[in-house]
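Trainee: I am new to this one. Can we go through it in short steps?

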Amino acid sequence: MNTPSNKDETIVLSPKEAHRREMILYGPQVKTICTLALPLVFYSSLSQIFQLIDTIIAARMSANVVSTVSFISQIETMLFAIGSGLSVGGSIIISRTYGAGNMQKVRSQISTLFFLALAIGMLLLTITIPFASPFLKLFHMPKDLLKKGTIYFILTIIGLIFQFINTMYLAIEKSRGNTKIIMWCNILVMSIKTLLNFLIIALKNAAVISIDTAMLMLPGSTITAHATLAAIAIINLTSKRNPFRLNIKLCSFSKTFMYPLSSLSIPIFLEKFVFAFGKVIVNSMCASMGSSVVGALGVSNRLGGLCTNPPSGFQDAESGLISQNIGNNNIKRALGIFYRTLLINLGIALVLFVITGIFKKDIVAIFAKGDIAFAAEIDKIYTYERLATILISINASVMGLLYGFGKTRISMILNAARLFVFRIPPLFLLMRFTTLGVTAVGLAMLISNCMVGITSGIVAIFFIKKYRT
């Protein structure tokens with residue numbers, strides 16, 4: 001059978017991309033890690049700041065609004081796990097092929113991944129929207145939040161299709177080590193979204209729109225921001241100047257591609273889906289204490305992200321670097337990248353732990369909007385959640401190691417245990433057999449984050465021992 005002529009095109013890397021690939025495979029490790037990771041860390045940290053601004057904007061409306069946003073954001077994360085699984089699994093495969101130097105195969109894999117994700121995203125859209133209200137009832141969304149929450153949820157789901165496109169595009173760039181474009185693209189999204197959100201709050205303050213209308217406009221700003229990036233992504237991915245441009249004729253749904261993609265992506269999907277599903281369960285349990293507790297937990301999670309997001313940026317770079325070096329048959333260098341990333345993440349976590357401790361009360365006050373009871377709920381949760389900062393940085397580094405080596409089933413088990421072994425049972429026991437109230441939520445967060453950090457460290461020791469022998 002003759003192959004399409006497109007497959008015979010010679011793919012020539014630009015001098016800049018060829019230099020970057022050389023650095024990834026043979027350059028100084030710390031310099032290489034920082035060069036690729038810092039744009040992701042900058043984006044990750046800036047992303048958390050923008051998310052905090054979004055939460056502040058929601059909090060300025062009412063505690064009910066921030067509770068609605070927090071509740072639905074976990075369900076959104078759960079559904080978006082499909083795209084996340086495909087993007088991580090696809091990125092691992094593409095990175096290895098890229099590291100091995102088979103550029104024609106890279107182009108075929110990129111086209112296959114993109115069109116597969118687009119089809120799945122459209123399918124998810126058509127299945128979910130008609131059942132939005134029953135879906136929220138299934139997860140025990142508080143009745144006082146349900147009516148407006150259903151509309152908010154539908155708008156959020158519409159935005160998922162653009163996020164699917166963007167996630168695949170950024171995964172493709174990450175697999176080639178092009179982390180700067182990931183940073184700039186996400187800064188664009190966050191800037192558009194935040195500017196529109198400020199406009200919404202200004203209209204609400206001027207009494208041009210009601211609080212309910214303002215809340216429902218928030219996902220509209222997200223749709224606009226992601227649609228803008230999606231347009232840019234499609235232009236870039238179809239440009240003749242892009243050596244890896246999309247071509248539907250190059251899609252290969254053969255067993256040699258689909259089986260590795262499935263074996264890598266399905267565990268990641270399950271990991272992220274189950275983890276988000278577990279957080280929805282936690283939100284449902286917290287809702288029994290009152291709608292504001294759901295919001296307080298959401299705020300605490302955002303604040304926790306101030307410390308955990310920078311290590312996550314290094315984790316993203318670490319997994320790509322490890323994958324490419326495995327593709328180049330250099331296991332020793334791949335493990336060296338893990339060791340150095342771990343040390344960097346521990347240092348970052350320690351510094352941020354100290355800073356957030358010093359300014360904790362001031363930060364909490366920003367979100368409480370003068371509501372003393374709401375501030376107390378946030379403080380009771382976040383006081384304990386932040387104590388696991390250093391151990392969570394270990395977990396982030398180990399996840400990068402496991403993703404890079406393609407051990408996604410192990411990472412899935414770890415994250416499932418984090419929720420269903422280390423968090424939900426302790427929360428249930430504390431709520432059932434103690435009178436701690438909201439403090440029980442913070443303690444459950446502390447227990448789960450500490451335990452998953454310790455467990456990840458143990459897994460890493462045995463994993464490294466296996467590959468060094």
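Trainee: How many of the 37 residues of H10 are buried?
Mentor: Buried means under 20% relative accessible area, exposed means over 50%, and partly exposed is in between (1.4 Å probe, protein chains only). H10 is largely enclosed by the rest of the structure, because its buried residues number 31 of 37.

Trainee: What kind of model is this?
Mentor: Residues are numbered from 1 along each chain as its sequence is written, and side-chain values use heavy atoms, with hydrogens and water left out. Local features need pLDDT of at least 70, side-chain atom pairs count only at pLDDT 80 or more, and totals for chains, interfaces and linings use all residues, since this model is predicted.

Trainee: Where in H10 does the kink lie?
Mentor: H10 covers residues 291-327. Helices (H or I, at least four residues) and strands (E, at least two) are DSSP runs, numbered from the N terminus. The bend at a residue is the angle between axes fitted to the seven residues ending there and the seven starting there. The kink is about 50 degrees, shortly before the proline Pro-310, and lies at Leu-306.

Trainee: How many cavities of 30 Å³ or more does a search of the whole structure find?
Mentor: The search uses a 1 Å grid over the protein atoms alone, and a cavity is a set of points where a 1.4 Å probe fits but cannot get out. A pocket is an open set with protein on both sides within 12 Å along at least five of seven lines; lining residues have an atom within 4 Å of a point. The number of cavities found is four.

Trainee: How much space lies in the second largest cavity?
Mentor: Grid points are joined across faces, edges and corners, and a volume is the space filled by probe spheres set on the points. For the second largest cavity this comes to about 50 Å³.

Trainee: Which helix gives the most to its lining?
Mentor: The lining residues include Lys-174, Asp-316, Gly-320 and Gln-324. By class there are four nonpolar, four polar and two charged residues. Ala, Val, Leu, Ile, Met, Phe, Trp, Tyr, Cys and Pro count as nonpolar, Asp, Glu, Lys and Arg as charged, and the others, Gly among them, as polar. The most, five residues, comes from helix H10.

Trainee: Which helix supplies the largest share of the lining of the second largest pocket?
Mentor: This pocket has a volume of about 370 Å³. Its lining has three nonpolar, five polar and seven charged residues. Helix H1 (15-26) and helix H7 (179-205) each supply at least two lining residues. The largest share, three residues, comes from H1.

**Cysteines and contacts**

Trainee: How many disulfides are there?
Mentor: A disulfide is a pair of cysteine sulfur atoms within 2.5 Å. Cys-34 has its closest cysteine sulfur in Cys-307, at 19 Å, too far for a bond. For Cys-286 the closest is in Cys-450, at 18 Å, also too far. By this rule the count is zero.

Trainee: Is Cys-286 buried or exposed?
Mentor: Cys-34 is partly exposed, at 24% relative accessible area. Cys-286 has a relative accessible area of 0%, so it is buried.

Trainee: Which residues does Ser-91 touch?
Mentor: Ser-91 is in helix H3 (residues 63-100). At 6% relative accessibility, Ser-91 counts as buried. Contact means heavy atoms within 4.5 Å. Not counting residues up to four places away in sequence, Ser-91 touches Ala-171, Lys-174 and Ser-175.

Trainee: In which helix is the place of Asn-415?
Mentor: Asn-415 is buried, with a relative accessible area of 7%. Leaving aside neighbours within four places in sequence, Asn-415 is in contact with Glu-271, Phe-275 and Met-399. Its place is in helix H15.
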